[in-house]
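Grab a pencil and work through a few backbone exercises on the model below. Try each task before you read its solution.

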Amino acid sequence: MFVPRSLKVKRNSHEEDKGCAAKKVKPEAEDVRWDEGSGHGHPADAGVAEVATAGDRPSVELRPCPSPQVGPEQGATASCLSEEPVKSFSKTQRWAEPGEPVCVVCGRYGEYICDETDEDVCSLECKAKHLLQVRGKEETAAGHSLEGAGSQPESPLPLLYVYKEHPFISSLQEDQVENLKQQLGISVQGQDIARPIIDFEHCGFPEALNLNLKASGYEVPTPIQMQMTPVGLLGRDILASADTGSGKTAAFLLPVIIRALLESTCPSALILTPTRELAIQIERQAKELMRGLPRMKTVLLVGGLPLPPQLYRLRQHVKVLIATPGRLLDVMKQSSVRLCGVKIVVVDEADTMLKMGFQQQVLDILEHVPHGSQTILVSATIPASIEQLAGQLLQEPVRIAAGEKNLPGSHVRQIVLWVEEPAKKKKLFEILNDKKLFKPPVLVFVDCRLGADLLSEAVRKVTGLKSVSMHSEKSQTERRSIVQGLLDGDHEVVVSTGVLGRGLDLVRVRLVVNFDMPSSMDEYVHQVGRVGRLGQSGTAITFVNNSSRRLFWDIAKRVKPTGSLLPPQLLHSPYLQEQQRREQQRGRQAQSRLVTGANLMDIIRKHEKSHAPK
């Protein structure tokens, strides 16, 4: 019925001090051989002992863990095995620890593996529920396929998937395609670029993947998904930039899933992220989209969680590896994973990778990936350093930008307030007491760990709101609990350092307050982008004063075009005017270096004058 993760060997009393703990083995479906007969063991079978189970549970083969040299008498006793009773009801199973397999039905510890679907389950009860769900989906899909007269049921997994442009897309005129890109804010650079899709159905995905997309809420692709998905499916290297919350994760997950689905090597896809929280979120989305696809498993390799469960999962023929650079390098040094079979690599939040000092680690990892693998770099901002990295890693890349490059999404209302340092707390309390502005949960960004703890405590005491702090010194269990609380609406206020400022889809958040102005405009774009996810409206309030004076001109350039009013103290600041003057001077110098027909003779005269003998 299903394969238990661990089977216990009952030993004789004289063997107890020599025994070894049975290893947890999750065999593939084809490695499990059921014995429908009497269930009696055959001691002569090359170290394989059969287990007779109670009731209607069939016997499974048990491969004992390695032990010291076993004599004939010990070999005979090895057949005297008994299996730990299989849990019948989910309520008798414990909850999963971080990094452990989770039951697909109830979320408890997935101690067993369903032999029919290879999914994690916690008990006989949940296995039965799981199979009913699977059969119900199959019957629904079969009913839809029979609605068309004479239509043949679609194969759930094509033997060879090749992206072909949908006839509707091919029928569009070139000017229609360009007009569509212009209206959607899509810009592309490169050779032989695929046209954007209008619907996910245009990709010809397996039916299970189409159903998963709809179940996950992906009804219509976003602009970045329209362009990036077909380019990725064709195997092209990509440098992608889009507004925060625009759906970049699904845009790269779809090519990753299709590529991994058709490859036999394990792992065949690698996704690198700068933070644990982002890696956990990506794996959750990947599992939602992979549900029901054969032999599609993920592994999460991140710091802050126990390593042994991650190594155990890594041995289960996983297709997609999602990791932070440091933990992956540690695992590679132990020779626990080889990347020679990887066919597609994604570096998410690439600019953060560089700022956090991960560039060399990323390059070290990619040295172990085959040279011809597809590489995708993704971020909300593409500074010059990322362009340089792309030149090293990408071959004939397609550059895709959706929305305004390096700007927050247009659906985010930005408010900049001039607040002196001593008045910041009072202003924050006013915002939290304003019924028009306060829409919990509220995310407040500060620049240091101590500031997060102290401000969260002050919010709790003064306003009475449920407040919690979030920073890198928290344990991974605490951080996961806080993120889940944000998603579930358990916290009214979360005061965080920049650890929550990148990539996370905090869909419930409608208000962000930058209590401390970020140290760069790229960080500002990402932190403001925690609201307005996937097209929803939101508000971002930022406190500024002379402590952030070196960014005054950048703030004005980024925020003023959105129609937001800037405080007069900032607009009339001598620092802003000096920064504006310097930028204009640099622009004139760059312009003077350009050679045109109008200034050609002047350049020649200056050159002759400077080289004339004195």
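Here come the exercises, after a short note on the model.

This is a predicted model, in which local features need pLDDT of at least 70, side-chain atom pairs count only at pLDDT 80 or more, and totals for chains, interfaces and linings use all residues. Residues are numbered from 1 along each chain as its sequence is written, and side-chain values use heavy atoms, with hydrogens and water left out.

**Exercise 1.** Find how many helices and strands the chain has, and what share of its residues is buried.

Solution. Start with the DSSP runs: helices are H or I runs of at least four residues, strands are E runs of at least two, both numbered from the N terminus. That gives 21 helices and 19 strands. Next, take buried as under 20% relative accessible area (1.4 Å probe, protein chains only): 49% of the 614 residues qualify.

**Exercise 2.** Which residues do the cis peptide bonds join, and where do they lie?

Solution. One joins Cys266 and Pro267, with omega about -10 degrees; Pro267 sits in the loop between helix H7 (248-262) and strand S8 (269-272). Another joins Pro440 and Pro441, omega about 0 degrees, and Pro441 is in the loop between helix H14 (424-433) and strand S15 (442-445).

**Exercise 3.** Is Asp192, with its positive phi, buried or exposed?

Solution. Phi first: about 50 degrees, though Asp192 is not a glycine. Then the place: the loop between strand S6 (186-189) and helix H5 (207-215). Finally, Asp192 has 72% relative accessibility, so it counts as exposed (over 50%).
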